[in-house]
Structures are given as structure tokens and as C-alpha cells.
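We will go from ring to ring, one selection at a time.

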Amino acid sequence: VIIGHSERRHKLGETDEVIAKKMKAAVDAGLIPVLCVGETRAEKDAGQKEEVIRRQLELGFSLIDKTLNLKSGTCFVAYEPVWAIGTGDPETPEGASETIRFIKEIFSTFNFRFSIGILYGGSVDSNNLKDFLILKEIDGALVGGASLKKEEVEKMIQLV
């Protein structure tokens with residue numbers, strides 16, 4: 001389940017506290033949560049990217065039991081810079097990789113007994129998917145608009 005997507009945060013007013021409750025409910029129900037984190041263009045331009053992502057991670061995981069032993073592949077974080085979603089202007093693979101290293105660093109301070117997979121999302125399509133997936137820090141992609149086009153999906157599957 002996708003939790004904390006920017007459209008729900010910004011258009012429907014979902015707070016970090018609501019998102020934390022959804023994360024807990026998903027984990028408790030045995031679902032695989034994908035917590036979306038990312039900054040707006042204004043936050044990026046103001047040098048607040050790391051502050052925003054740290055807050056979203058800390059609050060998003062705040063209600064999860066630290067003693068849980070979740071299997072690998074049962075909890076994900078998707079880095080989706082809000083300014084890149086649906087614009088056709090994705091973060092550079094190097095920039096995404098750097099931010100994902102930061103996310104892993106922050107998550108490691110939470111002292112959970114499980115690991116997370118980290119995805120990149122934000123204008124991912126068949127033209128740039130490979131550029132993101134070849135980087136060792138990136139565990140996969142969260143594809144939005146391109147997933148609505150049969151030809152794009154076929155191309156992305158072939159790339160993977």
C-alpha cells in the first residue's frame with residue numbers, strides 16, 4: 001500500500017501523524033507499506049530537503065514496534081521529490097542516489113530489527129528507468145504516470 005503520497009499530503013491535507021497511523025495499521029495488518037517521502041520545489045530551494053525527509057521518516061515510522069522482525073521486502077520507502085512527480089523532469093540518478101543514502105542513514109538510527117527497501121519515484125519512465133536501477137543504493141522504482149501506458153510498461157518490464 002502506498003502511504004504518504006504527495007498528492008494525499010498536499011491536496012487532501014494528510015498529516016505526518018495520520019500517515020504514521022496508516023503505517024502502523026498497514027504493518028499490523030500484514031500489508032507491505034511503501035512510505036513516500038520527498039520535498040517540494042520551495043523546500044528544496046530553501047535548503048530544507050533533508051529536514052523535510054527526516055521529519056517524514058521519523059514521524060512515518062514513529063508508531064512501528066522496534067522489536068518487529070519483518071522479512072526483507074515487506075517495508076519500503078519511496079523517495080519522490082514532489083517537484084519531479086509528473087513533470088517529466090526527474091531528479092538526476094546521482095541526486096536520487098545521494099538522497100537515498102541519506103534516507104538509509106536516517107533509518108539506521110531508528111534501531112529497527114528489520115531493513116527497508118528504497119525506491120525512487122518521480123517522472124520514471126522507460127527512457128530513464130535503467131539509469132536509476134543500475135545504482136546500488138536504489139532498490140527499485142515507484143512508477144506513476146508511465147504505468148498507465150501499456151507500451152511504457154512493456155518497455156520497462158523488458159529493461160528490468
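A residue counts as buried when its relative accessible area is under 20%. With that in hand, note that this is a predicted model, and select Phe61 and Phe107: both of them are buried.

Phe61 and Phe107 make an edge-to-face aromatic pair, with 5.2 Å from centre to centre and 70 degrees between the planes. Phe61 sits in the loop between α4 (49–60) and β3 (76–79), while Phe107 belongs to helix α5 (residues 93–108), so this pair ties together parts that are 46 residues apart in sequence.

Phe110 is found in the loop between α5 and β4 (117–121) and Phe61 in the loop between α4 and β3, so their contact ties together parts 49 residues apart in sequence. Like Phe61, Phe110 is buried.

Ring pairs join Phe61, Phe107, Phe110, Phe112 and Phe114 into a cluster. Across the whole structure, the search finds 10 aromatic pairs.

Which side chain lies over the face of Phe112? Select Lys66: it is placed over that ring, 4.4 Å from the ring centre.

For the last stop, select Arg41 and Trp83. Arg41 lies over the face of Trp83, at 4.5 Å from the ring centre.

Definitions and conventions
Residues are numbered from 1 along each chain as its sequence is written. This is a predicted model: local features need pLDDT of at least 70, side-chain atom pairs count only at pLDDT 80 or more; totals for chains, interfaces and linings use all residues. Side-chain values use heavy atoms; hydrogens and water are left out. Rings of Phe, Tyr and Trp (its six-membered ring) pair if their centres lie within 6.5 Å; planes under 30 degrees apart count as stacked, over 60 as edge-to-face and the rest as tilted. Helices (H or I, at least four residues) and strands (E, at least two) are DSSP runs, numbered from the N terminus. Buried means under 20% relative accessible area, exposed over 50%, partly exposed in between (1.4 Å probe, protein chains only). A charge sits over a ring if NZ of Lys or CZ of Arg is within 6 Å of the ring centre and within 35 degrees of the ring normal.
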